[in-house]
Amino acid sequence: MPEAKPAAKKAPKGKDAPKGAPKEAPPKEAPPKEAPAEAPKEAPPEDQSPTAEEPTGVFLKKPDSVSVETGKDAVVVAKVNGKELPDKPTIKWFKGKWLELGSKSGARFSFKESHDSTSNVYTVELHIGKVVLGDRGDYRLEVKAKDTRDSCGFNIDVEAPRQDASGQSLESFKRTGEKKSDTAGELDFSGLLKKREVVEEEKKKKKKDDDDLGIPPEIWELLKGAKKSEYEKIAFQYGITDLRGMLKRLKKAKVEVKKSAAFTKKLDPAYQVDRGNKIKLIVEISDPDLPLKWFKNGQEIKPSSKYVFENVGKKRILTINKCTLADDAAYEVAVKDEKCFTELFVKEPPVLIVTPLEDQQVFVGDRVEMAVEVSEEGAQVMWMKDGVELTREDSFKARYRFKKDGKRHILIFSDVVLEDRGRYQVITNGGQCEAELIVEEKQLEVLQDIADLTVKASEQAVFKCEVSDEKVTGKWYKNGVEVRPSKRITISHVGRFHKLVIDDVRPEDEGDYTFVPDGYALSLSAKLNFLEIKVEYVPKQEPPKIHLDCSGKTSENAIVVVAGNKLRLDVSITGEPPPVATWLKGDEVFTTTEGRTRIEKRADCSSFVIESAEREDEGRYTIKVTNPLGEDMASILLQVVDVPDPPEAVRITSVGEDWAILVWEPPTYDGGKPVTGYLVERKKKGSQRWMKLNFEVFTETTYESTKMIEGILYEMRVFAVNAIGVSQPSMYTKPFMPIAPTSEPLHLIVEDVTDTTTTLKWRPPSRIGAGGIDGYLVEYCLEGSEEWVPANTEPVERCGFTVKNLPTGARILFRVVGVNIAGRSEPATLAQPVTIREIAEPPKIRLPRHLRQTYIRKVGEQLNLVVPFQGKPRPQVVWTKGGAPLDTSRVHVRTSDFDTVFFVRQAARSDSGEYELSVQIENMKDTATIRIRVVEKAGPPINVMVKEVWGTNALVEWQAPKDDGNSEITGYFVQKADKKTMPKVVWMKNEMEIREDPKFLITNYQGVLTLNIRRPSPFDAGTYTCRAVNELGEALAECKLEVRVPQ
């Protein structure tokens, strides 16, 4: 039998099947060798092994494209090599080019990340639950860690559920006979036909699903009502990647769309408004009497101060005042059975950083508050640590918590640990800031060590030391055994000082004493020497003798003391009669017995005491003792050592985007001990918190400081270190700011080319930085040459430039660089040279829509027509009226390279007519006709007469006006007026007519008769009568007036 081939063809069906083939082969009788091999999806080439493609970049395993049935789950897995990354990566999944998948993508999408620290491999997974047809398309995985970035794409194909139609058909295609061979009985077609109907229904359903592309019906409705220019925006907003399928479906649906009977203008597909502002949603309806309702997320909106309804003609307006995030919703308006939809997006105003984070340097166990102040109360901010978001959900597990205080946002660590150190970042929708948190183990510094003591019997011994932390406790030991307090022994701890006092010293108190701070691998030791006094018989006559504890084989006795410590030189003296001691510093006799430096005298001892040693105390000290039998002398060389002076000439020599070079000079005075190195600190200007940059001493005098934030002012200082300690800080450097050039300009393109010029356009750089951008420089280079010629000497601010005086026909390369205070950016260069030759373009008039029909204006209004056109080189434009040139005293024409303007300041009826516009380039020409009609009010009708009157009716006839106002008469208004006889009115006082007397003012306003009496007096009292008389009779009205004089 022949061997199975790698790619097996499908068995032919129906008539094409070979006649000799058996209908069905029993699986038990088929030999293993003849089992047909399953056809692989794609056979590998002969010269290539069927292994997976070798991954490149940071990916150890790229995500595979998958095919999944609707309703099932899809899982995509990738592996990232952590050895290629400088830091922990940030993982982002995208659908299509722009749509980022995240927590807002829905509950069906979930993401998983894990890290194998042994192999330093990150495994990332994308889970999609119960996939739908809308999930199919191209996807992208992006990995980013600091400056390292890589991405790869894959595809998810979604299919309808598979049906094994052939297997089911064979099962249905069986004979009706029972317990008979396969050759007996009749064939049963009913099962086969039933199954075929089910398959056909499923095919129709699948075809319908394919037509829908998995897009919800409400999105289809939104697309049907949108303009073509908005399709791509809506597709991006709702994650639709199959644009070609969407457009094909829309083209088919557009044919079926009927003109709306209720709406003449519908809502736009989407609106956007800033939070706190108001917005108006406007529709126009065909009949102003039609009832209309507004809905928000399916709920009817009622009028209120928030929602205001307006009716202006056929326009219906919904005004939403003081928009909040709750107003971000779907809105619809319904007129009878017709609806139109829109979506409102409420945009948060940009939240600015007012007071940024500050770098902090703390110790383990300290409380830390990192605070930032923003421009808006209640604003949303995002905290991140080393590129990973800090959430409130994680705060319950971790040791931090968030706090809001008005505009201040605070991240609090109650008990900070080493794992909390890192770079923290606060991000708002209007800015960001970052700072570094440095956490150190507590280091204990010894400010004063304990010193060796030599004590006589019954005297007091005091061991004293000072450490940097006043909270530190400790224990005292003698020869390795802990010392306990007693009547003679007192142990005290006051602030940073620890003291051990032994009263009434005895010989058994002699030994090594040690102080050990609790919790630190540190110990301070000193020795207690017991000076035993021996009583011997001494002759009465004895020359003086000096006994020095520090005396050695040579006469040079050197003592070193640290500045600030106490020095006591106890010199024992013997002699009989008792000798007299004299101290000298250098060649001068020292006799002071009080003060910081003094002499203390006892019978058998002379002491030189310095309370707090200073640099000026350094020198040679001499003690001379004399008695009648002679004299003795001894010299002591005292050396005072101290911390060095601060470094000098500290300055910044150069800066970059996030670095600076600091240099300095060694200190003038090294403190008597060689300088072993330097410590460097940095802070932001205005801040009081210094950050230590090195924990091990730095031996050079040039230091590069990194990890700074561009655009922030910094100051730096330096400390010198020797064996004694750390110097005072140096003078601060002058404030400096890390800045860097911008990145290269983007999207450099050629906008226009003529015989001698080229116009370029570009977009600003993606990264500008704190140095800003002063402008752009354009350079060009002839093809084949390497010399770049500047096209402009001064930077241009706008993102466009025309290079002039270029040789016609030459092929030239162009490039653009950004310039700021830090220098030039990397250039953006055209990929191909440009041939300097103008491209001819035929003339074409782009007549606006409103000018394609008769343009009507009223007498006295302006005529301002703007007609765009195109063509290269610049065409010749000519306006005429009825074939004759225009009257330039009335009509003003202005023409540019792209349009022509027809202007009349005050239109008259004589301006009506047909105007011709022609645009011509050589023998190519385009023309357009514009019809203008200037109208005014019509004249009055003529020959108005009443032809017939009957009862309360009258027949009026007239003729059309002589002047129709240059417009068709559409109708007439008929008015009538009743002719009335006004009565004669007479006012009387005590039946005497009141005539023209200035004291009285008589008025008649719309039938209301009034008599005003100015400054009435008792004389004006009486009976006043008003009488009205006309042809039909008279009417009277009387009143009595009393005038009282005030008492």
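**Close-up views of a predicted model**

View 1. Cys1039 is accordingly in no disulfide, and the nearest cysteine sulfur, which belongs to Cys1026, is 9.4 Å away. A disulfide is a covalent bond that joins the sulfur atoms of two cysteines. Cys340, in turn, counts as buried because its relative accessibility is 4%, and the cut-off for buried is under 20%.

**View 2. An open sheet of 4 strands.** The strands follow the order β1-β3-β7-β6 and their pairing is antiparallel, while β1 (59-61) and β6 (109-116) are the edge strands, each of which pairs on one side only. From one strand to the next, the twist averages 25 degrees. Strand β7, residues 121-128, pairs with β6 in the antiparallel sense over 8 bridges, and His115 stands opposite Tyr122 in β7.

View 3. The whole structure holds 20 aromatic pairs, and one of them is formed by Trp762 and Tyr776, an edge-to-face pair with 5.4 Å centre to centre and 70 degrees between the planes. Trp762 lies in strand β55 (residues 758-763) and Tyr776 in strand β56 (residues 775-782), so this pair ties together parts that are 14 residues apart in sequence. Both Trp762 and Tyr776 are buried. Elsewhere, one aromatic cluster is made up of Trp383, Tyr400, Phe402, Phe413 and Tyr424.

**View 4. Charged side chains over aromatic rings.** Arg140 lies over the face of Phe94, at 4.3 Å from the ring centre, and Lys989 lies over the face of Phe1019, at 4.6 Å from the ring centre.

Terms used
Residues are numbered from 1 along each chain as its sequence is written. This is a predicted model: local features need pLDDT of at least 70, side-chain atom pairs count only at pLDDT 80 or more; totals for chains, interfaces and linings use all residues. Side-chain values use heavy atoms; hydrogens and water are left out. Buried means under 20% relative accessible area, exposed over 50%, partly exposed in between (1.4 Å probe, protein chains only). A disulfide is a pair of cysteine sulfur atoms within 2.5 Å. Two strands pair if DSSP finds at least two bridges between them. Helices (H or I, at least four residues) and strands (E, at least two) are DSSP runs, numbered from the N terminus. Axes are lines fitted to C-alpha atoms, for helices over the stretch in contact, and angles run from 0 to 180 degrees between N-to-C directions. Rings of Phe, Tyr and Trp (its six-membered ring) pair if their centres lie within 6.5 Å; planes under 30 degrees apart count as stacked, over 60 as edge-to-face and the rest as tilted. A charge sits over a ring if NZ of Lys or CZ of Arg is within 6 Å of the ring centre and within 35 degrees of the ring normal.
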